[in-house]
Amino acid sequence: MERYQDSKLYRIRHSTAHVMAQAVLEKFPQAKIAIGPPIEDGFYYDFDLPRPLTDEDLAGIEARMRDIIREGHDFVRKEVSADEARALFHDQPYKLELIDGLERGGVDEYGEKTDEAPVISTYTQDSFEDLCRGPHVANTREINPDALSITFKAPAGAYWRGDENREMLTRIYGTAWETAEQLEEYLALLEEARKRDHRVIGQQLGLFTFSQLVGKGLPLWKPNGAILRDLLERFLREVQIERGYEPVITPHIARVALYEKSGHYPYYKDSQYSPFEVEGDLFMLKPMNCPHHIHVYKDDLHSYRDLPMRMAEFGTVYRYEKSGELHGLTRVRGFTQDDAHIFCTPEQLEDEFVGVIDLVESILNGLGLNDRRARVGIRDPQSDKYVGSDEVWEQAAQAIIAAATRKGLDFTVEEGEAAFYGPKLDFIVRDALKREWQISTIQVDYNLPARFELEYVGEDNERHQPIMIHRALYGSMERFVAVLIEHYAGAFPAWLAPVQVALIPVADRHIAYAQDVANILHSKGLRVQVDDSNGRVGGKIRAATQQKIPWMLVVGDRDAASSTVSVRLRSGEDLGAQPVLAFADLATRLVESKSLELA
Ligand SMILES: [Zn+2]
Ligand SMILES: [Zn+2]
């Protein structure tokens, strides 16, 4: 498959970014330009502008871009020395900083780390010259003026070089395609994604919030969100118990020495919080649960008869993320993994691995995430960031491939996708909008058992080293909930809905009856809400629909007289009047079976 970076679309997008920068500079000659790379589905360019942009500005810039394209300008490449480049960009401070980096080497013209030789080149079209290594299309005519759009519609900011101590720039996003139809399809998808944004729905449904005083990237789960998360945890806990997992609980901090021994420190230093001193010893927030579980294992002497040992914990870990990179629940600074570690003998490895694949499949299928692929991640042979011998890596990779093959998984093998201590199998889910999310991961590890000198007594009465499997099905609870919100657009299967039934009395005189019905349903284990507000029925139905409550029961005179409820679904479908107990049976049956249906 052709790499995106080598595709025509990539050159079109990169070239459109340059055209956009030209249009912006024509409008704001005093603007300073930063960087403008192609990205997945489009491109952006960062500017230091004299004033905030209005919708009119953006429309004008877009119109000017189309004119520039139709004028038919060549993209002309030129290699220059660092001093020539400085002269060319003498009034562009961001470019001057990038030129310094290029001259020193090790970074590219976007300021990103690179191994490529430091060549300084520019590309010019019409009046615009940019510090750039390309590649570009030959002429602006290769860009379809009817297949591009500026997609930035609200104030979007970005820090220069992602550093919140540096200047806040205006980032303008755009997209470009080969045909107008492709553009239209993409914009429709973008609009749908916007509607499903978990940050928006999370607020509408009262699932979670953030507080400036608590701190960025630290979500606060409100009752509705906590109910949802707790249901997901309980679902997995129950299945895990059936499959022989044992719960453990471990603390949120530990001595730095523990992570030095595991190799997480200093390897993951950049994504961890600074250590702090307690009584002369250094401690840190837990970035990983594995070393703690290892010490649970080490507390007893194990015989081969005790293995496999499957240890599970919903363990909260803390990772440093730059504030510019935080995003709703998907990029946070503290999150909870549904973490488990399996300690087993080499003979048990493949069966255990297959068992985890089964578990992943049953959980993801149960949640309606059926569209997915698998990826076996092995070492990047060029890199030295991995620990352990070649033989052990080979053995582990073979065990994973054997298990995946036995399960009939559709998988690819990709270099450079391994953990630092071993190869892994990842499950990548496609959501309702066909966007991919890496969710579950299963990893084989011979290295941590060696580092921590783990043992079991074998059948031969000798000491042997167990193998560890690390696995997480949801991955991070925070991120997983975000994926579910966007997949379902907040309309969760009934068993996960924070409120399952809304009772809607037609008039005040029906409130008492509504309350009686609510009590009956509540006693059957359903989560019920009575809307006793003053509004009209239509308004109450709209409110419940916006809350994505699966079942709405409208009750009036006839219902109260005959012990029925008039059932409406959040889809708008009307199921008519049903005896209260018949509805209760239907709802509890669908909830208990974790059905994705509402009728
Ligand atoms: Zn460029
Ligand atoms: Zn682990």
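Two residues are said to be in contact if their C-beta atoms, placed from the backbone, lie within 7 Å. Leaving aside neighbours within four places in sequence, Met552 is in contact with Ala502, Ile504, Ile541, Ala544 and Arg568. The structure is a predicted model, in which local features need pLDDT of at least 70 and side-chain atom pairs count only at pLDDT 80 or more, while totals for chains, interfaces and linings use all residues. Residues are numbered from 1 along each chain as its sequence is written, and chains are lettered from A and ligands numbered from 1 in the order in which they are written.

The C-alpha atoms of the protein fill a box of roughly 85 × 75 × 50 Å, taken along the principal axes. The protein has 18 helices and 29 strands, where helices (H or I, at least four residues) and strands (E, at least two) are DSSP runs numbered from the N terminus. Of contacts between residues at least 6 apart in sequence, 70% join residues at least 24 apart. Of the 599 residues, 36% count as buried, a residue being buried if 20 or more other C-beta atoms lie within 10 Å of its own, exposed if 12 or fewer, and partly exposed in between.

The domain assignment, whose bounds come from an automatic or database source, gives domain 1 (4-190), domain 2 (234-247 + 292-483), domain 3 (251-288) and domain 4 (494-592). The centres of domain 2 and domain 3, taken over C-alpha atoms, are separated by 22 Å, and the contact between these two takes eleven residues from domain 2 and 13 residues from domain 3. On the domain 2 side, β16 (309-318) and α13 (447-451) are the elements that give two or more residues, with β16 providing the largest share, three residues.

A nonpolar core is a set of buried Ala, Val, Leu, Ile, Met, Phe, Trp, Tyr and Cys residues joined through C-beta atoms within 7 Å, and in the largest one, of 94 residues, Ile400, Val501, Leu503, Met552 and Leu553 touch the most other members. Helix α14 (residues 477-488) gives the most to this core, with eight residues, and the core draws at least three residues from each of domain 2 and domain 4. A second, separate core of 37 residues includes Ile69, Leu131, Ile143 and Ile172.

Strand β24 (residues 467-476) is largely enclosed by the rest of the structure, because ten of its ten residues are buried. Strands pair if DSSP finds at least two bridges between them. Strand β17 (residues 334-344) runs antiparallel to β24 and is joined to it by seven bridges, with Cys344 standing opposite Ile467. Strand β21 (residues 436-445) also pairs with β24 in the antiparallel sense, over five bridges, and there Thr441 has Ala472 as its bridge partner.

Another group of strands forms an open sheet of five, in the order β26-β25-β27-β28-β29, with mixed pairing. Its edge strands, β26 (528-530) and β29 (574-579), each pair on one side only. Within the sheet, β27 (residues 551-555) and β28 (residues 564-569) run antiparallel and are joined by four bridges, and Leu553 has Val567 in β28 as its bridge partner. Helix α16 (residues 537-546) packs on the sheet, touching β25 (501-505), β27 and β28, and its direction makes about 170° with that of β25; such angles run from 0 to 180 degrees between N-to-C directions, with axes being lines fitted to C-alpha atoms, for helices over the stretch in contact.
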